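Subject: Structure handover

Hello,

Here is the structure I said I would pass on. My notes on it follow below.

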Amino acid sequence: MTKLKLFLILGLSLATSVDSTAQPAKGGKKISSDLFGLFFEDINYSADGGLYAELVQNRSFEYNPTERREWNPFSYWEYISPGFSYGRISVETSEPVHPNNPHYIVLDIEHVGHETKFVGESGVGLKNSGFDGIAVKAGEKYDFSLFAKQLSDSPIELSISLQNLKGLVLAAGSVSTASKNWQKYTTTLTATAENDTASLVILAKTNGKLAMDMISLFPEKTFKNRSNGLRSDLAQLLADMKPAFIRFPGGCLVHGDGLGNMYRWENTIGPVEQRKEQRNIWGYHQTGGLGYFEYFQFCEDIRAKPLPVLPAAVSCQNSGGTWQIGGTGQKAVPMNEMQDYIQEVLNLIEWANGPSTSVWGAKRAAAGHPESFKLQYVGIGNEDKMTPEFEQRFKMIFDAVKAKHPEITVVGTVGPSPDGEDFAKGWKIADDQKVPVVDEHYYTSPEWFISNQKRYDTYPRNATQVYLGEYASWGNKMRNAIAEAAYMTSLERNGDVVRMASYAPLLAKKNFTQWKIDMIFFDNATICPTPNYFVQKMFSANRGDYYFDKVITKDEKDINQAASCVQDSRTGDIILKLVNYGNSVKPMKVNLAKFGKIAAEGEQSVLAGSPDDENTFGDTQNIIPVHSVIRIGKSFDYSTPAMSLTVIRIKTKK
Ligand code: AHR
């Protein structure tokens, strides 16, 4: 072990063993403890094919041409009959597993041929290659399941395997049908080799006829081993950020591509085979397998507050754009349906928080969660066009939630831009109706973020607060990430007005993206966090609830320098963030006199690089924070590297 490594380990354990005061120092400004969280939207295949760990694409045969003209219920499946076998396959709808899930496959096996050394296994069946291949790891287990109904008299044996592109079997199992009613069958497959482009193969080995639906394959190791769970590497990356909250399920996805396409939360709970699937506004299919229960469970698993956003009873004004083929622009729920719609919003609160003896609380309990999910925030609307129809419906929903659930903080919306007509009208509505928090959105240049660091300094205090629900600068290079970091220090400084903030969008699957600038890219087997991810993580995992000014001295005339100092009153830790958006080292001075006794060392994380540096898939993910322990005193000088964010965490002593 090198001396340096030994110093770092000793230093870290020294730094973490100091008792904390758990009392903020005098003179701090109380700021939001929920400031930094996550925005999750099912865009860029973030849910199906992404965070949701299901490996089979179109498992329920519900893909259809209203989603993509070339799609049909058999998309992403292949009919196979190796070994001179023959039979027939059809898509049917007469007696489905559940009316919400109408399509299923009928397999008529007329002849099962002979297995030979050359053709391998024989049988009649199906093949699915997931979302551009199924990635499996050697030694890992995969949970296969399907719903099947025997349509002929004798049981039908099904061989289940994972195969590589050459047909070599990587894992094998079998199930045998035993009922003329729909029944779920399961088996576990263990992969013998690693492969990123595997297929799932199901072959009937017995002559006869059977119906099949919900053909599913999950890695056994999902995040926290939840069934119907999340892809563990991606979920862990999000958990590592220690976000205060997660907003879901969007974005434009929420208010949808026309009224019939709004995201209705009630369709996404209960057994997965009974959920109502639908077209995703971003041009693909959503199974709802990652539904409200799973979102809430994930929030609980990573101690983030859930922030569900529900449509304000109007559809997206932009629907009918590039990705949508059924869009109608903004349409409003008819007035005679509004009471039902409002009830749906109230039902969510009962589902999340109500006792398990209540109608909706019982549904939560039936899903395995009798305890309350402790819902605190509900978003109503997403950057909607501020029309009279919107305003009227928003007010109706807001008033109903306020009256029945004064404990819930409603988050309203003020359009898609940092200014302009919808922004002004949205703020007027918020002021008139005394909405507690509103959701601002902006995607713009890094220079805008640098020049607008004073934006919230002049916002009125003790009035409607801001949730900066979607923001990003146009790029995933260091200059973008560091511009965002500078801006985030201003969010901390204004943490009495800005209650929450989340970068957007969060996830993007390689070759499946609709939105170019995202926080984390991934493919089936690997992940590629951007510099923007690390900036978000460094702020989010280092939140405080008191802000202190005059701790860090820097050149105030240089807008490329930014800094903030917060204290976390739970641990007593002081957290400094120092940002240098310039192209040379900049000196700053730190004075910690107001904090009483402090540790002699601090934990330091530095993210630094050249303006054009970025992370790409493969071996070039060089932009990561470097952690070390530094000696500090009551006051010290600090040289911030060019294009960098430094976070220093310091323990206080009793
Ligand atoms: O984050 C991507 C999209 O940007 C969101 O869906 C929408 O709210 C915004 O326009």
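Is Tyr442 buried or exposed? Tyr442 counts as buried, because its relative accessibility is 0% and the cut-off for buried is under 20%. Please keep in mind that this is a predicted model.

Tyr442 forms a tilted ring pair with Trp448: the centres are 4.8 Å apart and the planes are at 55°. Trp448 is buried too, with a relative accessible area of 17%.

Aromatic pairs number 42 in the structure. One of them joins Tyr292 and Phe296, with 6.0 Å from centre to centre and 40° between the planes, which is again a tilted arrangement. Both residues belong to helix H4 (residues 292-301) and are 4 residues apart, about one turn of the helix. Tyr292 is buried at a relative accessible area of 0%, and Phe296 is buried at 1%. Ring pairs also tie Tyr292 and Phe296 into a cluster whose members include Phe40, Phe248, Trp351 and Trp360.

Two lysines lie over rings. Lys363 is over the face of Trp360, 4.7 Å from the ring centre. Lys509 has its charged end over the ring of Phe512, at 5.3 Å from the centre.

Now the ligand. Among the residues around the ligand are Phe39, Trp282, Asn382, His441 and Trp515. By class, this shell has 6 nonpolar, 3 polar and 3 charged residues. A ligand oxygen atom lies 2.5 Å from a side-chain N or O atom of Glu41. For Glu383 the corresponding distance is 2.7 Å, and for Tyr443 it is 2.7 Å. The ligand taken alone exposes 280 Å², of which the protein buries 94%.

Regards

Key
Residues numbered from 1 in each chain as written. Predicted model: local features only at pLDDT ≥ 70, side-chain atom pairs only at ≥ 80, totals over all residues. Heavy atoms only, no water. Near = heavy atom within 4 Å. Polar contact = N/O pair within 3.5 Å; in protein donor to acceptor, adjacent residues only side chain to side chain. Areas by Shrake-Rupley, 256 points an atom, 1.4 Å probe, with all protein chains shown as cover. Nonpolar A, V, L, I, M, F, W, Y, C, P; charged D, E, K, R; others polar. Phe/Tyr/Trp six-rings, centres within 6.5 Å; stacked < 30°, edge-to-face > 60°. Helix = DSSP H or I, 4+ residues; strand = E, 2+ residues; numbered from the N terminus. Buried < 20%, exposed > 50% of the residue type's maximum accessible area, 1.4 Å probe, protein only. Lys NZ or Arg CZ within 6 Å of the ring centre and 35° of its normal.
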